[in-house]
Amino acid sequence: MTADKTRPLLIVEDDLALQKQIKWSLDRFDSVTASDRESAMLQLRKSLPAVITMDLGLPPDADSVSEGFKLLEQVMAFDPDIKVIVLTGQNDQANALRAVAMGAYDFFAKPFEPELLNLTVERAFRLFELQAENRRLRALHQPDALSGLTTRDPEMMRVCRMIEKVASSNATVMLLGESGTGKEVLARGLHQSSPRRGEKFVAINCAAIPENLLESELFGYEKGAFTGAAKTTLGKIETANGGTLMLDEIGDLPFQLQAKLLRFLQERVIERVGGRQEIPVDVRIVCATHQDLNALSKESRFREDLYYRLAEIVVNIPPLRARVGDPALLAHAFVRRFSQEQNRSNMSLSEDAVRAIELHPWPGNIRELENCIKRATIMADGSQITSADVGLKSGTPNDADASLDLRLIRDNAEKNAIIAALGRVNGNVLKAAELLGVSRPTLYDLMHRLGLK
């Protein structure tokens with residue numbers, strides 16, 4: 001095995017002569033060294049090693065194992081995938097087993113056999129690489145939480161990865177995008193990917209509820225708070241306690257309610273309408289809008305302090321017309337779904353229907369496409385849906401990339417053509433290769449080079 005140049009081996013040993021000996025015996029690996037816990041942590045952050053060999057007895061108290069265990073704990077907290085090989089004394093099996101229980105990969109008693117240590121380090125590197133490859137392959141597939149989202153567009157895939165990253169935190173997330181781009185699907189995916197997945201996901205559309213009722217819908221009300229308040233009723237915020245609350249069309253929240261929402265976000269307590277008691281609520285807020293809240297705040301139509309509270313993480317969702325290959329891909333998926341619902345099996349899109357779908361600008365985004373395909377599956381006379389059934393006027397393709405870098409233009413053109421072809425033929429690689437005029441192995445090579453696998 002050759003050394004992993006990007007993730008080296010870190011040797012932690014306070015005895016400089018022994019440190020040199022270990023490095024010499026492991027000279028086939030790219031090594032960095034450290035002699036105490038502090039320097040080891042510096043090297044850890046700087047070099048990001050894949051494998052660490054370490055002595056448990058480190059200064060300032062080399063006769064004790066406290067520093068070694070403290071370092072092992074810090075390493076595991078920094079990156080639990082790092083393989084730590086602990087070097088111990090001959091009669092120190094209890095500490096060696098304790099180290100393994102804490103997450104160490106293996107242990108060796110001193111004096112060690114160089115050949116056996118080399119073999120162990122090599123296996124540790126190999127395991128690290130296999131696990132890293134496994135994580136990379138898993139990352140190519142959408143998680144179950146986002147399985148409701150169908151896309152092959154690189155920008156939309158980046159949005160999915162961003163949702164995955166922020167899901168484990170409690171940060172407030174703002175989803176920005178045109179109506180019908182799938183904001184609620186992403187909000188539900190965020191909830192399902194988070195530690196709150198076992199609790200409720202509650203959504204409320206701030207634009208769909210009359211202004212005079214919205215406060216009681218959000219915050220609840222006490223019995224007798226107003227005419228008709230026959231009993232104490234929980235609001236959406238309180239109902240979502242422990243889970244996630246989605247505030248859809250947050251840009252339409254009345255100005256006077258914005259101050260009350262801001263106080264909740266700051267204090268994490270609410271007061272029901274007509275009540276005086278402060279009620280603590282633990283809820284993750286996800287908001288969504290098609291409006292430019294930053295511009296609205298500058299026009300004094302949306303509180304600037306509330307905007308910055310809500311915009312801890314901002315996710316911009318591209319419209320359907322900007323997602324390469326997605327209109328055709330989604331259309332195929334909708335045909336399968338609606339043909340099953342209508343008990344019309346084996347329905348498919350004709351080539352001219354797919355072309356019309358690809359060229360249409362889709363101002364209503366996915367919602368418009370969904371309605372279009374549903375109507376077409378009902379109205380089509382035969383098993384094949386034609387452009388006449390779809391009923392779309394011809395649109396214009398997106399403008400070409402303005403870059404003058406020929407290599408970039410070629411790569412982008414090939415990438416877009418492959419994504420569009422896969423979308424048109426519903427992911428069939430053989431048919432996509434025929435459509436593109438290349439062999440299947442050539443298409444696989446191109447997909448690998450362009451990161452499309």
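Two strands count as paired if DSSP finds at least two bridges between them. With that in mind, here's a quick tour of this predicted model. We'll start with an open sheet of 5 strands, then turn to a nonpolar core of 32 residues, the largest one here.

**The sheet**
- Methionine 174 sits opposite cysteine 287, which belongs to β11.
- Strand β6, covering residues 173–176, runs parallel to β11, and 4 bridges join the two.
- Across the open sheet, the strands come in the order β7-β8-β11-β6-β12, and the pairing is parallel.
- β7 and β12 (313–316) are the edge strands: each has a single partner strand, so one side of each has no neighbour in the sheet.
- Going from one strand to the next, the twist averages 20 degrees.
- Helix α6 (residues 154–167) packs on this sheet and touches β6, β11 and β12. The direction of α6 makes about 160 degrees with that of β12.

**The largest core**
- Among the residues with the most contacts inside this core are Leu218, Ile237, Phe264 and Leu310.
- Several elements each supply at least two of the core's residues, including β7 (201–205), β8 (244–248), β11 (284–289) and α12 (304–310).
- Helix α10 gives the most to this core, with 5 residues.
- What does leucine 310 contact, leaving aside its neighbours within four places in sequence? The list includes Val173, Met174, Ile250, Leu265, Cys287 and Phe302.

**A separate core**

Notes: Residues numbered from 1 in each chain as written. Predicted model: local features only at pLDDT ≥ 70, side-chain atom pairs only at ≥ 80, totals over all residues. Heavy atoms only, no water. Core = buried A, V, L, I, M, F, W, Y, C linked by side-chain atoms within 4.5 Å. Buried < 20%, exposed > 50% of the residue type's maximum accessible area, 1.4 Å probe, protein only. Contact = heavy atoms within 4.5 Å. Axes fitted to C-alpha atoms, helices over the stretch in contact; angles between N-to-C directions.
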